[in-house]
Structure formats: C-alpha cells, structure tokens
Amino acid sequence: MADVKRGALRAFVAAAVVACASFGAHAADKQITLGFSQVGAESAWRTANTESVKSAAPAAGINLKFADAQQKQENQIKAIRSYIAQKVDVIAFSPVVESGWEPVLQEAKAAKIPVILTDRNIDVKDTSLYVTMIGSDFLEEGRRGGRWLEEHYKDNPGPINIVELQGTVGSAPANDRHAGLVEIIQKDPKFKIIASQSGDFTLAGGKQVMEAFAKTYAGKYNVVYAHNDDMALGAIQAMEEAGVHPGKDVQVVSFDATHGGFQAMVDGKINVDVECSPLLGPQLMQAVKDVVAGKELPRRIKTEETVFVQADAAKIMPTRKY
Ligand code: GYE
C-alpha cells in the first residue's frame, strides 16, 4: 500500500517538474511577444529600420508590439512602461537620447523582462539593465569622416573651416559622430569647426540650420559635416539657394549612405558617405529568441560597415538595399 502511494507521488512530482521546466524555459510552442519602442520617423534611415524590424518579426514567428515615440524620450518611457504592464517577453528599444534611462529600466528588471538595445546606446552605470546592444559604432563612423577629410586635404595648408550639422541633441550618434571627428582633426590645427548646430536628423532641420550658416559664414566654410543624409540633403538645398555648389565649392561629408545620399553622390553633391546600416531587424529577432531560450549573448553586437566615395557611387548604387 505504502509503495503504491510512493509510486504515485513520484509520478506526480515528475510531472510537476516537467511542467515547471517548460514554463521556465518558455514553452517552445508559446509565441514570443516583443515590445519595441522606435525613435520616430525622422529620416530615411529610420524608415528603413522600422521596415526591417516590422518584416523580421513575423518572419521569425515573433509577435511584435510597435510604438513610435516621435523623437521624445517621455513617449519611449511610456511605451516601455506599457510593455511591462502587458508582460511582454522581451522589450527592445532604440533610445532617442543616451541619458535618463535608469528608473524605467529598473522597473523592467524588477518585472524580470529582458531589455535589448538596438541602434543607439545608452549611458547607465548599471549595465545589468540591458542584455545586449545591437548596432553601429558611431565613434568609428565619426573617425572615418575625419580621416577622409585628413586625406582629402593632406596637401592643402589650410585653414579648413568646417560647419557641422549635428543630429538630435544628446543622442548617441550625434555625440559620437562629433567626438570621432574631433579625435581625428585635433591632430592638425589647420582644421577648425567654426559652427555646430543640431538639425535633429531631419531634412527640414538641416536646411534651416544651413540657411543660417550660409549667410553668417558666406565664403568662409570649406566643409559641411552633416550627421546624416537627410540633413545633408537639406543643407544641399540651402547652399544651392545661396548660390554655392555643394560637392565642388564645399566638400560635403555625410552619414548613413541611404538611396538619397547615394543619389546626391552620383549627382556630385555629397563627397563621401559613411555607411550606417538600418537593417537590424533579423539580428534583433535572433537575439530575442536567444535571450528567451536562456542563451548567453555578447554584450555588444556590432554592425559591419564601410565608407563610400563619390567616384564609386554610380557603380555601387544598384546594390544598395535602403
Ligand atoms: O544616422 C539617422 C537617424 O540612430 C543611426 O538616426 C541612427 C541615426 C541615423 O535618424 O539618420
């Protein structure tokens, strides 16, 4: 009698262990839900990034909840809080700015929801607040822009005056593309950043800032260093309206290498475009699956990128995917 009872108990315990294990490791048949908070729709890069995330989710069998923050940190914080309340399996976001994320990420941690950063990095002391960061090395991108200038002007004694169109104030790509440039050009005093202002990564913003620069610094600037293609395209319009020939009278350095940026190189108006890939969706979905499966992820997953110059643009353009 006692043996029969013990046997039944053993069978019950075994079944319970199996049930717990499959809950704990996220039952293979349960669909993963990912909450994603996007920066906004400020640029062609961003549109391509959104499209990449939205198409990669169903392809990976992941249920995607998507929110556009319209370039406002407070909207991203609200979206992340709502994903926590909805008990999604994983939260991913592309942080509009670098600072101010601790409180909301503490809440995600307390709710045991893993967080993945994509595209832009954050500045937090407690790095356990996120699992991994997937995206480009913006500092290296800035250095690449600086090195192109160094090479282009190697036989020119200067002075070489640069006007800079910065991305969104406080964002990782704006901070790092600026810092990377400074790191390279500070070795040679002939280079000088004579003006620097944010155009918020938009075409309209770039155009507006450049209209003011073109008046204030007429005939005094040699280089426009724009933190993305949209602002470079806006700056090109402003220069042309001011009777300046971008790409000839003024060297234009840009970032992203979107279709619009490539077309401007083919047209001779952007001189160099530092690549930054927005096609992060498939890598993000893989990371989401891995984290749910309990796999260890590298802290940083970097995107491989290059630099495109005007002379090669027409040949390469047909192969571009964004
Ligand atoms: O360069 C710009 C976009 O974070 C890398 O954001 C991204 C930047 C990109 O608006 O076009």
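Author: What follows looks at the domains, then at the interface, and then at some details of the loops.

This is a predicted model, in which local features need pLDDT of at least 70 and side-chain atom pairs count only at pLDDT 80 or more, while totals for chains, interfaces and linings use all residues. Residues are numbered from 1 along each chain as its sequence is written, and side-chain values use heavy atoms, with hydrogens and water left out.

The domain assignment divides the chain into domain 1 (32-135 + 278-304) and domain 2 (138-276), with bounds that come from an automatic or database assignment. Between the C-alpha centres of domain 1 and domain 2 the distance is 29 Å.

At the interface, 13 residues of domain 1 are in contact with 17 residues of domain 2, where contact means heavy atoms within 4.5 Å. The size of an interface is often given as the accessible area lost when the parts come together. Here domain 1 and domain 2 bury about 1100 Å² between them, and carbon and sulfur atoms give 51% of that area; buried area is the accessible area (1.4 Å probe) that two parts lose on being put together, summed over both. Of the area that domain 1 buries against domain 2, Trp45, Glu98 and Arg120 supply 41%, more than any other three residues.

Six residue pairs are in polar contact across the interface of domain 1 and domain 2, both residues being at pLDDT 80 or more. A polar contact is a pair of N or O atoms within 3.5 Å; within protein, one must be able to donate a hydrogen and the other to accept it, and residues adjacent in sequence count only if both atoms are side-chain atoms. The count of salt bridges between the two domains is zero, a salt bridge being a side-chain nitrogen of Lys or Arg within 4 Å of a carboxyl oxygen of Asp or Glu.

The structure as a whole holds 22 salt bridges, and one of them joins the side chains of Glu42 and Arg120 (3.7 Å, N to O). Because Glu42 lies in the loop between strand 1 (33-38) and helix 2 (44-59), and Arg120 in the loop between strand 4 (115-118) and strand 5 (132-135), this pair ties together parts that are 78 residues apart in sequence. Helices (H or I, at least four residues) and strands (E, at least two) are DSSP runs, numbered from the N terminus.

Another loop, between helix 5 (138-152) and strand 6 (160-166), contains Pro159, and the peptide bond from Gly158 to Pro159 is cis, with omega near 0°.
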